Amino acid sequence: MRIRIDGGDLPGRRAGAGADALRLGNVHVGIQRRTEVVDRVPADATEASWSFEVSSREIDGVLDVGGPWVHGRPGARFLYLSWGAVTDDGFAMFRRAKLMFTDVPTELLRAAHEGGGILVGRLGLTDAAGEPLCARVRPPAIAWTVE
């Protein structure tokens, strides 16, 4: 199953000390693949997009997803968008946003599983306090479609 996550409203694009600190700290956001954060995008980018493939299968009438991008146990699977500072030593993660598959409407998940298109999640990447988005991201903060 193909998935694309589209993020806008990155926190480093705003004015103020918080955004300045993100830019000066070389903060990026990326998608977590197993334990590694890949396809990192600077916190002041205009947008961020990640495309990848996950496995999907039906078990006892319930769809389950898996693969290196997927975390969690069956029935509680999710994706991580991870924030951190890019340094000479690598990536120092300090915050993550969790995108739960249980928050995807069943009919959309099934359509993507059956080859009806790409499952797309769209979200803003700045929280209400102007910081990098973290914790569980639930609709309407993320909108899921199949395209």
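1. The model is predicted, so local features need pLDDT of at least 70 and side-chain atom pairs count only at pLDDT 80 or more, while totals for chains, interfaces and linings use all residues. Residues are numbered from 1 along each chain as its sequence is written, and side-chain values use heavy atoms, without hydrogens and water.

2. Helix α2 spans residues 106–113; helices (H or I, at least four residues) and strands (E, at least two) are DSSP runs, numbered from the N terminus. Leu108, Leu109 and Ala112 of α2 are buried, that is, under 20% relative accessible area, with exposed over 50% and partly exposed in between (1.4 Å probe, protein chains only). These three lie on the same side of α2 because they cover an arc of only 100° around the axis, taken from the directions from the helix axis to the C-beta atoms. The face turned away carries the exposed Thr106 and Glu107.

3. Thr126 sits in the loop between β9 and β10 (135–136) and is buried, at 11% relative accessible area. A polar atom of the Thr126 side chain lies 2.4 Å from the backbone oxygen of Asp9.

4. There are 11 salt bridges, each a side-chain nitrogen of Lys or Arg within 4 Å of a carboxyl oxygen of Asp or Glu. Glu53 and Arg2 form one (3.6 Å, N to O), and this pair links strand β4 to strand β1, 51 residues apart. Arg14 pairs with Asp9 at 2.9 Å. A network of salt bridges links Arg4, Asp6, Arg122 and Glu147.

Terms used:
A polar contact is a pair of N or O atoms within 3.5 Å; within protein, one must be able to donate a hydrogen and the other to accept it, and residues adjacent in sequence count only if both atoms are side-chain atoms.
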